[in-house]
Amino acid sequence: MGKKTPLTFQIDLAALPAGFHCRRIEANGVGFTAFIWCGGPSALGTTRSTLLINGATHGDEYEGPTLLRQWAQNWRPKRLQGTVVMVPVLNEVAFYAGARCRPDDGANLARSFPGLRWSATSGRAGPNRVQARGTPTQRLALLFDEQLLAQCTHYADLHSAGAANELDSWAGYIHGVTPSVDRMQKRMAACFDRFWCWAGPFLPGRTLSAAAERRIPAIYTECRGAGDIARADLRALDLGLRRLLLLLGLVPGKLPRLRAQRIRITRSVRETHLQVHHLAPHDGLFVPSVKLRDRIRRGQPIGEVLALDGAVALVRAEESGRVVMRRLQRSVRRGDALAVIAPV
């Protein structure tokens, strides 16, 4: 292994003057807009804490963009201690298409981190250059990872079920990074105490995976989705974010007593991988027979997939527990996830 080339930042967060900034970060045809608040030293110590938050890793998830854009419009803290960076819409092309993934390459940004880096034999044109031969999604992942994630001390990714599904809202994190990172992530997730908490093992390609590789405490939230925004979810996200700022010492004040969360920590890679559960056996029309939050037993029918040629496939629960995700879009392709059941 050769010596790593130091990163060159388009925007050095530590060098920005105190105040509010709006900056565009882009390279090789991909980019995003960041809203940045810079204050003084962190209350946690001499090192400034930098909190990075983004929405719309998937383009059809609107809770994060709505909340963060509201904050960008209205939040002007007077005694900020550290730096806060918000990217309301990370995956802009997918967002404007109203789609989970970018339509130009069809790739899932949440499976593409840390992106495609330059190799020693690829004709390196300088430090920290986004690989021009990668897909747009790979280039975007690398740009976000090396330009912002590398500069932060804490991270939160705001997700939802998107347009095709609905979820029982939760906060989560990757369990098993390091004991100290795990403890901080648990405290960060607890700030979103209107949600339950679901922690699982490392899965490659995600924003949180890139954070884990950098040993950055990171959480994600999942809201109901269903192609819209639940007011209760937006309030819960807003409250959680305000408490997260208190927890990290970025704003003055005492963290209030939090509600006890229902917590599930699993070592099963499959359990928290939503896209591998109850897969449609063929194309067709999905007719569900369960509702979100229903408690069901293994083997119980959760719905039928009616093929357009007349075939019928009954889909049964793969395990016992509570329905935490349900497919809303009735048209399905073979391999689409129809439901997720968690043992909570």
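Predicted model: local features only at pLDDT ≥ 70, side-chain atom pairs only at ≥ 80, totals over all residues.

Colleague: Fine. How many salt bridges does that rule give?
Modeller: The count comes to 17 salt bridges.

Colleague: Take Arg-264. What is the N to O distance to Glu-271?
Modeller: The closest N and O atoms of Arg-264 and Glu-271 are 2.9 Å apart, and the two form a salt bridge.

Colleague: And Glu-271, buried or exposed?
Modeller: Glu-271 is buried, because its relative accessible area is 10% and the cut-off for buried is under 20%.

Colleague: Which residue does Arg-333 pair with?
Modeller: Arg-333 makes a salt bridge with Asp-283, again with 2.9 Å between the closest N and O atoms. Arg-333 sits in the loop between strand 16 (331-332) and strand 17 (339-342), while Asp-283 is in the loop between strand 10 (263-265) and strand 11 (284-288), so the pair ties together parts that are 50 residues apart in sequence.

Colleague: How accessible are those two?
Modeller: Arg-333 counts as exposed at 56% relative accessibility, and Asp-283 as partly exposed at 33%.

Colleague: What about Arg-194 and Asp-193?
Modeller: Their side chains meet in a salt bridge, 3.1 Å from N to O. Asp-193 is buried at 6% relative accessibility, and Arg-194 is partly exposed at 40%.

Colleague: Why do such side chains pair up at all?
Modeller: Side chains of opposite charge can pair when their charged atoms come close.

Colleague: OK, switching topic. Where is Ile-216?
Modeller: Ile-216 is in the loop between helix 5 (207-213) and strand 9 (218-223).

Colleague: Is that spot buried or exposed for Ile-216?
Modeller: Buried: Ile-216 has a relative accessibility of 6%.

Colleague: So what is Ile-216 in contact with, leaving aside neighbours within four places in sequence?
Modeller: Ile-216 is in contact with Leu-149, Cys-152, Thr-153, His-154, Tyr-155, Val-181, Gln-185 and Ala-211.

Colleague: And how far is the C-alpha of Thr-178 from that of Ile-216?
Modeller: Those C-alpha atoms are separated by 9.9 Å, with the two residues 38 apart along the chain.

Technical notes
Residues numbered from 1 in each chain as written. Heavy atoms only, no water. Salt bridge = Lys/Arg side-chain N within 4 Å of Asp/Glu carboxyl O. Buried < 20%, exposed > 50% of the residue type's maximum accessible area, 1.4 Å probe, protein only. Helix = DSSP H or I, 4+ residues; strand = E, 2+ residues; numbered from the N terminus. Contact = heavy atoms within 4.5 Å.
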